[in-house]
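Biologist: I have a new model open and would like to learn how to read it. Could you walk me through a few features?

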Amino acid sequence: MTGDGTAHAGRAWIELDRKALLENVRTIRAMLPQSCSLMPAVKANAYGHGSDLIAGELQKAGVQAFCVACAAEGVGLRRCGILGEILILGYTDEKEFGTLARWRLSQTVLDFSYAKRLNRYGKKLHVHVGVDTGMHRLGIGSGNPEEILEVLGMENLQADGLFTHLCAADSDSAEDRTFTRKQAEAFYRLAGEIRKRRGSCPKLHLLSSYGIFGYREYAEDYVRPGIALYGVWSRGEDQKGRKSLCPVLSLKARVACVKSLHAGETAGYGRAFLADGERKIAVLSIGYADGVPRCLADGGGSVLLAGKKAPVVGRICMDQMLVDVSGIDGVKSGDTAVLIGRSQAEEITATEMAGQCNTISNEILSRLGSRLARIVV
Ligand SMILES: *Cc1c(COP(=O)(O)O)cnc(C)c1O
């Protein structure tokens, strides 16, 4: 790639850096024992990156298990040639149980009554049993070994895994670290009980991204990294003291046109931008329908043009947005603006954009819209 990327002919697009993704895979694998496999989270269109491209690259890199949020996402992966295990982490309606069987998708057991419904479907279904160790979201309570043993014995369920989710593994506070250890201990106690009573136990997994970096002693048969594989932390301050990762995604858009404003003239909806002198405004062909948060304008956001920062001004529209390019020479229609990623020596990260919008990078990325083209570079 040269410059800011003219690889794509569209109005706005996402570039995925294959090398960065593979580097993150290497970084994470290097932290884990040989016996632990990756089960990357490619839900929500691989956090907005494009699940077909990301899962395809990961499969080429030897990854044989994935997790998604829902059955439709699982079917989408199968349709584009993903062969390994695909675990659905969330709710699948009873009417879709046939889809699970047809596409060989593994379903999370959400609670005991849900297990009974899965079993009643009548055909063999692959499941991983979710265990609630204190998050109180999904899973059978870790204090109910009897229920879990009953699920493991259900005749139509093939239980390939047993897992829990740590809900405060991203926190360094002593209190949260104690809580996280309690969650893990409850999970191991349960697994021990199952092994004792049945002679064996399904495959175990506990860790998502922050867990891998903070509690790698809990890496068992699988880990479920999401955000770290995409090369960013959820919040800016989380980088401190952690390994550096390589951002996979860049978000780019074309300059549609450039306008000159005189002092006192306004731009955009609600006349939200007021020129306080001679101003040059570039109109970018990307908007909130593409996933650019509308609050970015108020959060001090900017984009990069020719290696320089251009502040976002006025209100972000559905399909367009305005940036002030008064300080940048020669900006013209057809130029490429970088909203996330690098331009010469400057970089804007998804985490930085998230900070300006009071959210985490996960939300910014996963909301990037279906209208954006996605290419691997
Ligand atoms: C989304 C999700 C993950 C991945 O989380 P990251 O923090 O992005 O690594 C792992 N496990 C479960 C149950 C999830 O819902």
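Modeller: Let's begin with strand S1, residues 12–16, which is mostly covered: 5 of its 5 residues are buried. Buried means under 20% relative accessible area, exposed over 50%, and partly exposed in between, with a 1.4 Å probe and protein chains only. Strands (E, at least two residues) and helices (H or I, at least four) are DSSP runs, numbered from the N terminus. This is a predicted model, where local features need pLDDT of at least 70 and side-chain atom pairs count only at pLDDT 80 or more, while totals for chains, interfaces and linings use all residues. Residues are numbered from 1 along each chain as its sequence is written, and side-chain values use heavy atoms, leaving out hydrogens and water.

Biologist: Which side chains of S1 point one way, and which the other way?

Modeller: In a regular strand the side chains alternate between the two faces of the sheet. Here Ala12, Ile14 and Leu16 point one way, Trp13 and Glu15 the other way, and all are buried.

Biologist: Which strands do bridges join to S1?

Modeller: Two strands pair if DSSP finds at least two bridges between them. S1 and strand S11 (residues 249–261) run antiparallel, joined by 5 bridges; there, alanine 12 has alanine 253 as its bridge partner. With strand S20 (residues 373–376), S1 runs parallel through 4 bridges, and leucine 16 stands opposite valine 376.

Biologist: Now a loop residue, please. Where is aspartate 170, and is this residue buried or partly exposed?

Modeller: Aspartate 170 lies in the loop between strand S8 (157–164) and helix H8 (174–198). Its relative accessible area is 28%, so aspartate 170 counts as partly exposed.

Biologist: What is aspartate 170 in contact with, beyond its neighbours within four places in sequence?

Modeller: Contact means heavy atoms within 4.5 Å. By that rule, aspartate 170 touches Tyr210, Arg235 and Arg242. Tryptophan 233, 63 residues away from aspartate 170 in sequence, is 9.9 Å away in space, C-alpha to C-alpha.

Biologist: And the whole chain: how many helices and strands are there?

Modeller: The protein chain has 11 helices and 20 strands. Of its 377 residues, 54% are buried. Among contacts between residues at least 6 apart in sequence, 65% join residues at least 24 apart.

Biologist: What radius of gyration does the chain have?

Modeller: The radius of gyration is taken over C-alpha atoms, and the globule rule is 2.2 Å times the number of residues to the power 0.38. For 377 residues a compact globule would be near 21 Å, and the protein chain has 23 Å, which agrees. Along its principal axes, the C-alpha trace spans about 80 × 45 × 35 Å.
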